[in-house]
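Okay, thanks everyone, I'll keep this short. Have a look at the screen and then we'll go through a few spots together.

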Amino acid sequence: MAELEFTQTADTAPASLIALTPEQEAQFALITRNLQEATSTEIIRKVLADGETVRAYWGSATTGRPHIAYCVPLMKIADFLNAGVHVKILLADLHAFLDASKSTLDVLVHRVKYYSFVLKAVFTTLGVPTDKLEFITGTSYQLSKEYTLDMYKFHALTSTKAAEHAGADVVKESESPLMSSLLYPGLQALDEQYLDVHFQFGGVDQRKIFMYAAHFLPRLGYAKRAHLMNAMVPGLSGGKMSSSDAKSKIDFLDTPAEIKAKLKAAVCTPGEVEGNGVLAFIKAVLIPVQELREEQAAARGEDRYAGAHSFAAPGSPAGTVFSVRRPEKYGGDLHFATYAELETAYAQEQVHPGDLKGAVTDALVGLLAPVRKLFDESPEWQDAERNAYPGASVAAAAAAAKAPTKKADAKPPKEPKSNKPPTEEERAALRLKKEQEKAAKAVAKAKAEGNAVPAAAVIDRSASAAAVEATASGSSAPVLNTDLPKLKLLSRGKVRDIYALPDAEDADKLLFVATDRISAFDVIMENGIPQKGATLTTLSLFWFNKLAHIIPHHLVVPSLAVAPGETTPKALLPGATSWDEFPRALDEYRAQLEGRSMIVRKCEVIKIEAIVRGYITGSAWSEYQKSGTVHGIEMPAGLVESQKLPTPLFTPSTKAEQGEHDENIHPSRVAEICGPELAAQIEAIALRLYTEAAAYALERGLILADTKFEFGLLDTPGGKQLILIDEVLTPDSSRYWAADGYQQGKPQPSFDKQYLRDWLIASGLRAKDGVSLPEDVVVGTKAKYEEARDRVMGRGQFGTHGRKDVKAGAEVTLQTDQVADAIEGEARAKKL
């Protein structure tokens, strides 16, 4: 995109040309220190030189709960206040209302109160003077006749392209953006005039909006303002600190136990500085807080700050701003006079991540204790919090904990017997139990006679047990369509429902929900496969974690970080739940989401499906039989069906829109679609992913015949980054075969919905609408998916290595595109 005119706005005169007294220079230095960028600072110098009070504004839409990341701008605002700046904090309730209509105006009244309580408490805790701090709500002036007229005038000067570009780093992206998102940058520009300030302050992600304002306000006859920007700080999980990623942020009202748990789960790789949220927080917040305390102590005539919550340990050398406390047997305490010293020590692995997290935990507990105390002592603040966030209220939870509870009965009351006939699920459980007993008897008989255990009996027993367990646990009802009325549904595919998250700060993320829908021949069945979505999600999490050393992925929640002392991410432990990592705004939908959902980073999807084939089967075999090629690539003569290829083959296809068909293409076409450099990168990474996954699967008794990967481009400070997205190496995207039953020259039984396809063909229902699957097909398909999961992950009867001499099954499950006629013929023969 060509640089738009307003992005080229520059300072009109060097700030240093405006002379200031030593006292004014000290004010200017305090105002402009520790910033990522500042523009038109000569405006500030001119105000100081004229002896006027500098006026500034910082705004925040009152959407999600403010969290500890707010300390980054608040620390800079503390500088402004200490420099005598009149700071106006805009609690942008109207902006929050326009933000996808996620909050009602009634709720926003309480959120405005809550924000003001929190922010005042932080400044009070820091000992910052608040006599020149003013809170203003957007609706107090943005609904006036004058402001409304100026809004029309402003947008008569600009274009949709310019407005969209201005908000690109802040406003949620969309192919069809809401009008409110296009108005947002213009409203923020006009706020500078109507709040009557000399400069606006914000994160560096606001730069385009700031330049937009600097360009267009003068064209309305209003003064140009200065703009000051602070750096962005990553969250504890490595990405943006956000309320959608529960472990990436710490709430101002979190308890010490909650703070400790979140720091324990934070990403803090030994020796790695880049993207380390723990280090970044020390740099942006904790050390500046300690430096502020030291400055305040010096102003009081004290040698150093000696408060109870000092980040410098007692007895530390003079000048220490941060201490890492540790037992003497591990070398004793470490003391740092600057952040640079700490970063160097960490990069050289002189500071252990566990010790660093412990130091940050202690610092945060001490920093937030006064804030929590003020909250506990203020009924008015508690009332505002209860009404502002009714689904995640700290005050409500505390009140509930104190409420008297009835003593639980020693024994739960017996449920009355029902005279109703058993449900289909109950009948299914009884039938499957009988089948399980029958299979067990067959196994016992075979062992007694010294014969091999029939593989089919073992598989049937596994399938029956799984189905009975699912029914008993109440998980037999499939989730076919999610219903999350407070979230915006962005798309609904054959399997996945994709939603926008409720908070504005999560505009760079999406909620992926894998339902239990199942399709075949491009038709979605009327009923689904219970827990299929959870199975697909679990496998994707496993492979995202397994292959993360090859390429980054889009997953944010559940976290795949490994806790100290553990070897496996919590999300991959059988029976474990990661629901505590999801935002509390989703709690009312837990029954629909838990175990089958992921929060992922939004990115630009590459319209290519990167298919890699290690064996010739499926559509590749069909093409080879006709032309001797695969995706237009010349292949050696004499290959037989299901034969292993000499080397894995990259055979991409186009990624079609919903309802359309993908098109197999020659690899050279990828370069035409996305450029030669990116095409080469995609091919190399896809082949490496397949090769490593196939080797791992083979160790567990599985052949990975072929699979497809999907990639996206993520915006990062260093430019576009290729990442792995969507699902990875699941039975829906891959063809798994049992290694011990493999024989080239014929179709292979596979662990996917082939079981379903074969039934549809045999029943004459191929590509028919309105098909409901019978119980045995549901159970059989479910068992296939879950066996693939258990073999890959070494669960259940398949142990740590994914196999216990168990074959995929004695039945011959044929590949649809080769043997449809054979199956239909067999079905006809049975009728005769």
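So, which residue in β10 is the bridge partner of arginine 492? That's aspartate 497. Quick caveats: this is a predicted model, where local features need pLDDT of at least 70, side-chain atom pairs count only at pLDDT 80 or more, and totals for chains, interfaces and linings use all residues. Residues are numbered from 1 along each chain as its sequence is written, and side-chain values use heavy atoms, with hydrogens and water left out.

Back to the strands, which are DSSP E runs of at least two residues, while helices are H or I runs of at least four, both numbered from the N terminus. β9 pairs with β10 (residues 496-500) in the antiparallel sense, over three bridges; pairing takes at least two DSSP bridges. They belong to an open five-stranded sheet, antiparallel, ordered β9-β10-β11-β15-β14. β9 (489-492) and β14 (555-557) are the edges, each with a single partner strand, so one side of each has no neighbour in the sheet.

Helix α18 (residues 532-546) packs on that sheet and touches β10, β11, β14 and β15, contact being heavy atoms within 4.5 Å. Its direction makes about 45° with that of β15; angles run from 0 to 180 degrees between N-to-C directions, with axes fitted to C-alpha atoms, for helices over the stretch in contact.

Now the loop between β18 and β19, where glutamate 641 sits. Buried or exposed? Glutamate 641 is buried, at 9% relative accessible area. The cut-offs are under 20% for buried, over 50% for exposed and partly exposed in between, using a 1.4 Å probe and protein chains only. Its C-alpha is 9.5 Å from that of alanine 620, 21 residues apart along the chain.
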